[in-house]
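Thanks for coming, everyone. I have one structure to walk through today. Please bring it up on your screens.

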Amino acid sequence: MHHGFSHNPALTVALAMAAGVLAQTLARHLRIPGIVLLLAVGVILGPDVAGILDPEVLGSALDVLVGFSVAVILFDGGLNLHAKRMKSQAPAIRMLLTVGVVVTTAGGALAARAFLGWAWTPALLFGTLVIVTGPTVVTPLLRRIRVRKNIETILETEGVLIDAVGAVVAVVALEIALGQGFAEGAVSAPTRLALGLAVGAAGGLVMAMLLRVSWAVPDGFETIFTLSLALAIFQVSNAIIPESGIMAAIVAGVVVGNAGARSFKEIREFKEQLTVMLIGMLFILLAADVRVADVLALGKPGIYVVLALMFVVRPLNILACTLKSGLSWREKAFLSWVAPRGIVAAAVASLFAERLGHHGETIGTELRALVFLVIAATVVVQGATAGVMARLLKVRRPSGKGFAVFSADPFGRLIARLLGEHGHEVVIIDADATKCREAEKEGLKVVYGNALDENVLLRSQMDTRRAALGVTANEALNLLFARVALTDAQVPLVYAASVRPGPEIQRRQFTEAGARLLFGNETDPELWSVRIRRKLTEAETWIRESNHDGDGPKLPTEALSWLLPLFAEDKEGQLLPIDQKTRFGKGARVVWLVHTERREQAAEWLTSHGWQFVPVAEPQPVQ
């Protein structure tokens with residue numbers, strides 16, 4: 001059984017892939033960084049414990065797997081980088097990719113020499129290996145803790161671009177250590193980066209242009225088209241000059257991600273899922289390839305090196321690179337704390353161990369063991385405490401800040417105006433320029449554009465909102481908006497108006513998508529917009545005097561034609577959108593929208609169901 005498992009290359013890859021996905025699934029449920037479990041599972045399944053996985057049986061195929069996987073992972077990282085946001089933080093990013101490389105290399109080398117007593121050559125090799133941070137750890141971490149945009153942009157961009165710079169610097173350093181002349185190596189590094197930049201830019205531009213033309217790439221082929229070209233760009237660049245493909249893959253991703261390519265959302269979702277699978281497989285295989293005895297042999301000096309990187313080298317790096325950045329001391333402190341290493345550090349360390357081993361150098365295994373100790377320590381410690389640090393340093397993005405309303409129709413404007421009158425910050429999103437101008441004339445804050453577009457969501461600060469409300473006359477759009485707000489912007493509460501029950505959009509689809517049924521009933525926003533335009537509506541507050549006939553928001557069909565429950569008032573007078581879960585207990589205050597031509601019927605129905613009208617000094621018709 002042992003022989004069948006550990007000496008079967010195909011089974012090794014399949015089991016690593018399955019174990020990687022299962023480990024990350026469990027990590028998601030436990031709300032811990034996935035790499036923590038991946039490293040542990042890799043060691044457990046490896047030769048030192050269970051003996052189920054032995055990466056050595058893959059031979060040279062492991063290098064091919066690592067290369068293709070890193071290409072996809074870093075192309076995906078490039079897709080997520082926004083050019084405008086990068087430009088806003090360009091000085092700090094530029095310093096981190098230049099001065100930061102020198103500081104980290106020198107600091108890592110000094111730590112290894114001081115605590116482990118290594119000679120300068122292996123110490124400097126270690127310094128180059130820990131230059132990289134990596135999007136595989138940083139990006140999921142930032143999505144979870146949601147810090148200020150400027151910090152997020154710096155860390156995300158550094159995590160992606162530093163992988164290319166760090167990997168090239170490390171490989172060049174290795175080549176110099178193995179006998180290549182220093183002068184030749186000094187020229188080799190910028191040459192590789194420049195070639196990768198050129199190949200990636202050209203390939204990304206061609207890819208983006210073809211994706212924008214519907215006849216060039218048929219519908220449904222966009223994702224596989226992008227994947228195949230990304231891999232080709234990576235390998236072509238590597239074929240011209242080895243190790244230049246990482247930069248090419250990243251740049252191609254940046255170009256495609258900022259070109260407004262057709263089906264970009266589907267491409268990114270596919271790449272993200274593929275990236276999760278590949279990260280899991282790679283970490284399992286690379287962790288299984290590390291001997292536990294090698295890590296334990298580092299002892300306390302190895303731990304001291306890790307502590308020096310975290311508490312001395314990284315803060316000095318940030319201090320040197322952000323002197324004139326305009327960042328506050330709190331933001332700099334958080335940047336100093338977050339620098340977990342990821343898949344590129346692990347992959348390059350394994351490459352070092354292999355190449356040094358071929359030259360009879362045993363230091364390669366120690367280098368790999370120390371790098372994996374750095375990865376494990378930084379991911380566990382910084383990943384687990386980043387949220388606490390963000391809270392203590394007060395660098396989290398503000399959350400629960402008002403509402404976003406999708407629709408500038410009269411009905412949508414009414415909803416926004418009522419929320420604003422009760423002290424809530426409200427923004428309306430709509431792609432109709434005329435309706436947006438009407439909303440602005442009423443003093444409402446408006447973001448013009450497609451509510452499903454990522455840039456529009458960013459401009460509306462959707463991720464800081466307390467809730468998002470889809471109130472258009474198109475229930476399918478309302479549902480889609482709710483899904484985007486929930487999954488992309490992580491808005492804690494999303495509501496969608498359902499126009500009518502039918503075969504296309506069922507009520508259960510709203511709850512399955514994580515959306516709440518706005519108003520707790522099917523309604524007709526278009527009809528209410530017509531009435532509002534004709535000044536045939538009033539928003540009235542009624543208080544519940546009893547629990548007569550139940551306490552839910554569901555109304556009979558007839559009553560819904562002239563009456564609609566909009567909001568419940570809390571004790572502080574703040575409005576809460578009504579949904580299917582709202583309950584009207586005794587003393588509940590609710591804002592109802594009433595059709596004035598049927599006000600007598602509405603008042604009679606409300607009174608008969610235990611409600612009492614709350615008069616205002618001068619009731620005004622809704623404009």
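How many helices and strands does the secondary structure of the protein come to? It comes to 27 helices and 11 strands. Helices here are DSSP runs of H or I with at least four residues, strands are runs of E with at least two, and both are numbered from the N terminus.

First, the ground rules. This is a predicted model, where local features need pLDDT of at least 70, side-chain atom pairs count only at pLDDT 80 or more, and totals for chains, interfaces and linings use all residues. Residues are numbered from 1 along each chain as its sequence is written, and side-chain values use heavy atoms, with hydrogens and water left out.

Now confidence. pLDDT is the predictor's confidence in each residue, from 0 to 100. The protein averages 86, and 95% of the residues score at least 70. Watch residues 618-622, where pLDDT stays under 50. Where pLDDT is low, the predicted coordinates should not be read in detail.

Next, the overall picture. The C-alpha trace spans about 95 × 55 × 50 Å along its principal axes. Of the 623 residues, 54% are buried. Buried means under 20% relative accessible area, exposed means over 50%, and partly exposed is in between, with a 1.4 Å probe and protein chains only. Contact means heavy atoms within 4.5 Å. Of the contacts with a separation of 6 or more, 76% join residues 24 or more positions apart.

Let's go to helix H20, residues 410-421. H20 is mostly covered, with 10 of its 12 residues buried. For H20 that gives 16 Å, and the end C-alpha atoms are 16 Å apart, which agrees. After the helix comes glycine 423, with a positive phi near 90°.

Look at arginine 413 in H20. Is arginine 413 buried or exposed? Its relative accessibility is 8%, so arginine 413 counts as buried. Beyond its neighbours within four places in sequence, its contacts include Ile428, Lys435, Glu438 and Glu442.

A salt bridge is a side-chain nitrogen of Lys or Arg within 4 Å of a carboxyl oxygen of Asp or Glu. The structure holds 17.

Aspartate 409 pairs with lysine 435, with the closest N and O atoms 2.5 Å apart. Aspartate 409 sits in the loop between strand E1 and H20, and lysine 435 in helix H21, so the pair ties together parts 26 residues apart in sequence. Aspartate 409 is buried at 16%, while lysine 435 is partly exposed at 27%.

Glutamate 442 pairs with arginine 417, closest N and O atoms 2.8 Å apart. This pair links the loop between H21 and strand E3 to helix H20, 25 residues apart.

Arginine 465 pairs with glutamate 425 at 2.9 Å between the closest N and O atoms. Both lie in loops, and the pair ties together parts that are 40 residues apart in sequence. Arginine 465 is buried, at 1%, and glutamate 425 is partly exposed, at 32%.

There is also a network of salt bridges linking Arg85, Lys149, Glu152 and Asp463.

That's my tour. Questions, please.

How values were computed. Expected span 1.5 Å × (residues − 1).
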